[in-house]
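We will go stop by stop.

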Amino acid sequence: MKLQVNLKGSWRDVMCFHEKDEKEVRESAARLSFFSGGKAKFRIADDANTALAYCEAPFFIWRDARTVTAAGLSPTKKL
C-alpha cells in the first residue's frame with residue numbers, strides 16, 4: 001500500500017507502508033491535510049496504483065474510493 005498526495009493536480013507517492021500501519025498513516029495524513037489549510041489532498045492506493053480511499057477538506061475524513069466513484073464525486077474537488 002502507499003500514501004499519495006495531490007498538491008497541484010497530480011498524485012505523487014509519499015511513502016509505502018504495510019496494511020497493519022494503515023490506521024496510523026490515515027490519522028497522520030488527515031492531520032497533515034488539515035494543517036496544510038486543505039491544500040494537500042491524500043489518498044491510499046494499492047501497489048497497482050488503484051485508489052482505495054481519499055482524505056481532503058473540508059472534513060478531513062477518509063472516504064472509500066468506491067463510494068466516491070459510485071456517487072459521481074471527484075476526489076480532487078471540495079464537496
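Start with Arg66: is this residue buried or exposed? Arg66 is exposed, because its relative accessible area is 65%, and the cut-off for exposed is over 50%. Bear in mind throughout that this is a predicted model. Arg66 and Asp64 form a salt bridge, with the closest N and O atoms 2.8 Å apart. Asp64 counts as partly exposed, at 28% relative accessibility.

**Stop 1: the sheet**

Switch to cartoon view. Five strands make an open sheet, and their order is β2-β1-β3-β4-β5. The pairing is antiparallel. Colour residues 11-16 and 61-64 to pick out β2 and β5. These two strands stand at the edges with a single partner each, so one side of each has no neighbour in the sheet. Look along the strands next. On average, neighbouring strands are turned by 25 degrees against each other, direction ignored.

Now select residues 2-6 and residues 41-45. These are β1 and β3, which pair in the antiparallel sense over five bridges. Which residue of β3 stands opposite Val5? Phe42 does.

**Stop 2**

Select Val14, found in strand β2. Val14 is partly exposed, with a relative accessible area of 44%. Show what surrounds it. Leaving aside residues up to four places away in sequence, Val14 touches Leu3, Gln4, Val5 and Phe42. Draw a distance from Val14 to Lys2, C-alpha to C-alpha. The separation is 7.3 Å, for residues 12 apart along the chain.

**Stop 3: charged pairs**

Show the charged side chains. The count comes to five salt bridges. Side chains of opposite charge can pair when their charged atoms come close.

Asp13 is in strand β2 and Lys2 in strand β1, so the pair links distant parts of the chain, 11 residues apart. Lys2 counts as buried, at 11% relative accessibility.

Move to the helix and select Glu22 and Arg26. This salt bridge has its closest N and O atoms 2.9 Å apart. Both residues lie in helix α1, four residues apart, about one turn of the helix. Is Glu22 buried or exposed? Glu22 counts as buried, at 16% relative accessibility. Arg26 is partly exposed, with a relative accessible area of 24%.

**Stop 4: the nonpolar core**

In soluble globular proteins, nonpolar side chains tend to be buried together. Here the largest nonpolar core has 15 residues. Select those with the most contacts inside it: Leu3, Phe17, Ala29, Phe42, Ile44, Cys55 and Trp62. Which elements give two or more residues to this core? They are β1, α1, β3 and β4. Helix α1 gives the most, with three residues.

Zoom in on Phe17. Apart from residues up to four places away in sequence, Phe17 touches Met1, Lys2, Leu3, Glu22, Val25 and Ile44.

**Stop 5: the rings**

A pair of rings is described by the distance of the centres and the angle of the planes.

Select Trp11 and Tyr54. Their ring centres are 6.0 Å apart and their planes stand at 50 degrees, so the pair is tilted. Trp11 lies in strand β2 and Tyr54 in strand β4, so the pair ties together parts that are 43 residues apart in sequence. Tyr54 counts as buried, at 7% relative accessibility.

Finish with Phe34 and Phe60. This pair is edge-to-face, at 5.5 Å centre to centre and 85 degrees between the planes. Phe34 is in helix α1 and Phe60 in the loop between β4 and β5, so the pair ties together parts that are 26 residues apart in sequence. Phe34 is partly exposed, with a relative accessible area of 48%. Phe60 counts as buried, at 18%.

Notes:
Residues are numbered from 1 along each chain as its sequence is written. This is a predicted model: local features need pLDDT of at least 70, side-chain atom pairs count only at pLDDT 80 or more; totals for chains, interfaces and linings use all residues. Side-chain values use heavy atoms; hydrogens and water are left out. Two strands pair if DSSP finds at least two bridges between them. Axes are lines fitted to C-alpha atoms, for helices over the stretch in contact, and angles run from 0 to 180 degrees between N-to-C directions. Rings of Phe, Tyr and Trp (its six-membered ring) pair if their centres lie within 6.5 Å; planes under 30 degrees apart count as stacked, over 60 as edge-to-face and the rest as tilted. Buried means under 20% relative accessible area, exposed over 50%, partly exposed in between (1.4 Å probe, protein chains only). Contact means heavy atoms within 4.5 Å. A nonpolar core is a set of buried Ala, Val, Leu, Ile, Met, Phe, Trp, Tyr and Cys residues joined through side-chain atoms within 4.5 Å. A salt bridge is a side-chain nitrogen of Lys or Arg within 4 Å of a carboxyl oxygen of Asp or Glu.
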